[in-house]
Amino acid sequence: MNVGRLYFIIAVFIFSFLCRTPLQAQRKLEEIKVSGQFMGMSLHAILKELSSDHNFQLDYDRSLFRKTIVPGKFFKDEPLDNVLNVLFDDYEVYFHLSRNNILVIRDKEIKIEEETNPVSFNFSLTGKIADSNSGETLPFATIVIKSTGKGTISNVDGFFTLLDVPSDTSALIVQYMGYYTREYHLSPSDLNGEFKIELDPEVTNLEEITVLGQKEHMIKASDQISKISVSPKQLSVLPSIGEKDIFRSLQMLPGISATNETSAGLYVRGGTPDQNLVLFDGFTVYHVDHFYGFFSAFNANAVKDVQLYKGGFGSNYGGRLSSVVDLTGKTGNINGFSMTGGVSALSANVAIESPLGDKGSFIFTARRSYTDIIKSSLYNNIFDLYNNGDESDQPIAGRGRAGSSRFGSQTAVEPAFFFHDLNAKFSYRPSGKDIVSFSVYNGKDNLDESSDFEGQGFGPANATIDNSSTDLTQWGNWGSSLKWGHQWNERLYSNTVLAYSNYFSDRDLYSTTQVTRSDSTFTLNTGTVEDNDLNDLTLRTDLEYLLNPDHTISFGLQSTLNKIDYNLTLNDTLRVLNRKDRGISNALYIQNRWTPNDKLTITGGLRGTYFDVTGKNYLEPRLSASYMLTDRLKLKGAWGKYYQFVNRVVREDLTEGSRDFWLLADDESVKVGSSLHYIAGISYEINDFLFDVELYRKEMTGLSEYSFRFANPRQGYDELFYDGSGYSRGVELLAQKKFGKYTGWLGYTLSEVIHEFPGISETPYPALHDQTHEFKSVNSWRLGDWSLSATWVFATGKPYTAPLGGYELTYIDGNTQSYVSVGEKNSFRLPDYHRMDVSFTRTMDLGNGKGDVGLSIFNLYGRSNVWYRTFDIIEDEVVSTDVQTIGFTPNLFFNFKF
């Protein structure tokens, strides 16, 4: 693709980003004429259709109207006020069209705030936020008192407490990602019994329906620095190679690499995927890849909320150096049975939700690829990518190297691969102040690349080579949690979790080669057995206490038992490593969020951990702050110390491909990792746009690598661990269009990631994932029943290490061993990377349900990006070959919900 086309694409995206939908003039109800027949529809559905046809917004409490079918009504050029009077004939309601073109509907007994006499003043309000359709509680929703601007955020179970509410007729503004913003007017009766505010999910097939004139966006920058909230439901419109994927969408944010097509893991601000704390319903997920890394381990249909902390996170999180991804699973529909599902060219998924009596609910989701049954062209493209050579540039556990040769062919055994994952969650609400839930997850990948090889050798002997190779790999995760949330009083809430996690990766690679020459025949047996098994048992309690409107105190404790086994055996007999690590870490933390005035917020915390393997205490102070210079301009900053006790070690291997394995730090062969975060930023926000800049520096110690590069047969293999340090620094720019038919963002990252391993390289060198420039454009248009989305990524090339030549040594016993002379670590760069993906989706009615069908195209213009380079030594010459990523790849999908 030439430079002119690239400039044209960038110009188109920037122009589209700056386009805005013009505002509409206020109208009167009697000026809006209605024609049509409403048969077999609920009042809610009629109101939504009217607002769509006549381009106004809705603000009303769904509980005002029964969920019954309205008898057939026919209108012809009837003023809207008359139509509404007919529809509301059985209800005592009041309505008017506001100056902002919003149809406001209220109970006649309440009407609007000014017409209601308050009874209570300056009180504390406790309640919860829920989905109006399913009854699911909504975590991390924002609740603000309209008159004072003071507010709070619902906790992970959807509960909230507002202190010093002026009166029981105050108006509350409630917002949550993927839902219509709602203005709720309190009434004295709300203080009697359990209080709940329900929000309506955003309807994707209506053009303009919003509440308070705004439509919720896919991502939302938090008041806290480096924190992003993500709507899993909204991500469905973005392009994907198979189905909607949460982690692939997170990669489109500034500061997170989007060029790792073969890994769903997150490289955040110079960190690696193992340095991210990934939580799902309280249990830790150690490996997030499915299907060679093209899918993440999480079924989006099972996820309700995603909170991403790119750095500077609070003292309530620990055990990782880089970032936190906290996912909350759905609890299930408490109002009735529902089912969703979908199919694509690679996999199928289904989700079932149902109430359990009056106080319980459950959800079950399942996903499986059928690539072991149906070999689609998309699957063949992906598998062929891995059948080209080694994987020296991408150390992803559980992924094998498909064999190949220049002088023969593989036959006999058809490669087989599939993955599956299951989620189940049961929730029970014994009272209005308690919720108990049990969540379980299982995901597994199975790969069989066994093959037979027959070919002709070269050289004077002209040997015949017969090879039989067994190559079996499986990897996956188990996870479960039992959680109890309790509201002790209006100020104190607790959450207690007992969680178990297991990550496993097993590879059995065994090869028998028979070489027949004119004068002799001999057999060579080679192979690798590599097993990694990690177990995590954690008990955690978190408490939040609202001391007063200015201070929110969070504190808690956590105890984790880790058991990690790792075995690496070569050629059946040579045991390279056999480790059985055991360790317990106990942690305490306290944190205070202090808001001395409307402009300044300061959050300070301290986390202390005792790790029994090293017998040491580790203190982690944290501090963050934000200050509103004006109503639109905000300064923010953060600083913090972080430790990691369970580390992923990269095993560098230039012949079979680098892999990774998990070990427990012991401060001897594997150091306890540590990092220090420095972050500063400024943001400017207006009605439809957000502009955000953040600068960061992260200093890291205790990095580990395991390499055969300097291996000596007479040296113990335990000596091949290398300890290193490093730093990352950069600046991130974000420009986001938040609301309207068109939404999206532009992101740019300028960064540097440098590692220093004295035992491997005499000088510091760029890390494998170092990329100087990365630009991203994310765009989504909604046109009635149609959604169009497009993303574009550009990044400078990653570094790699190249061999300089090869040589062969003959030992005393007559055996020979080939060696490679390697150049300086990561001293070369791959070509620049860029790719465009697009997606078209149409939403439709399916009787009592909804469905959407679409086409997603990965790498629209077929860019030949280089994944990595392989090297062969032929007659003492180094010959390199580019292994390229996937080209133009279309994928059809269909999703439904009943």
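Colleague: Where does Asp281 lie?

Modeller: Asp281 is in the loop between strand 17 (276-280) and strand 18 (283-284). Keep in mind that this is a predicted model.

Colleague: Okay. Is Asp281 buried or exposed there?

Modeller: Buried, with a relative accessible area of 8%. The cut-off for buried is under 20%. Its backbone is worth a look too: Asp281 has a positive phi of about 50°, although it is not a glycine.

Colleague: Switching to helices. Which residues are buried in helix 3?

Modeller: Helix 3 covers residues 80-87, and Leu80, Val83, Leu84 and Leu87 are buried there. They cover an arc of only 95° around the axis, so they sit on the same side of helix 3.

Colleague: Why would a spacing like that put side chains together?

Modeller: An α-helix has 3.6 residues a turn, so residues three or four places apart point the same way.

Colleague: And what covers the buried residues of helix 3?

Modeller: The cover includes helix 2 (43-54) and several strands, among them strand 1 (33-38), strand 5 (73-79) and strand 7 (102-107).

Colleague: Tell me about helix 2. How do the axes of helix 2 and helix 3 cross?

Modeller: They cross at roughly 170° and come within 12 Å. That angle makes helix 2 roughly antiparallel to helix 3. By class, their contact has 7 nonpolar residues, with no polar and no charged ones.

Colleague: Which residues meet there?

Modeller: From helix 2 you have Leu43, Ile46, Leu47 and Leu50, and they meet Leu80, Leu84 and Leu87 in helix 3.

Colleague: Now zoom out. How many helices and strands does the protein chain have?

Modeller: There are 5 helices and 55 strands. The chain has 898 residues, and 56% of them count as buried.

Colleague: What about contacts along the sequence?

Modeller: Take the contacts between residues at least 6 apart in sequence: 66% of those join residues at least 24 apart.

Colleague: Last one: how much accessible surface does the protein chain have?

Modeller: About 37000 Å², and 54% of that belongs to carbon and sulfur atoms.

Key. Residues numbered from 1 in each chain as written. Predicted model: local features only at pLDDT ≥ 70, side-chain atom pairs only at ≥ 80, totals over all residues. Heavy atoms only, no water. Helix = DSSP H or I, 4+ residues; strand = E, 2+ residues; numbered from the N terminus. Buried < 20%, exposed > 50% of the residue type's maximum accessible area, 1.4 Å probe, protein only. Contact = heavy atoms within 4.5 Å. Areas by Shrake-Rupley, 256 points an atom, 1.4 Å probe, with all protein chains shown as cover. Arc of directions from axis to C-beta. Axes fitted to C-alpha atoms, helices over the stretch in contact; angles between N-to-C directions. Parallel < 35°, antiparallel > 145°, perpendicular 65-115°, else oblique. Nonpolar A, V, L, I, M, F, W, Y, C, P; charged D, E, K, R; others polar.
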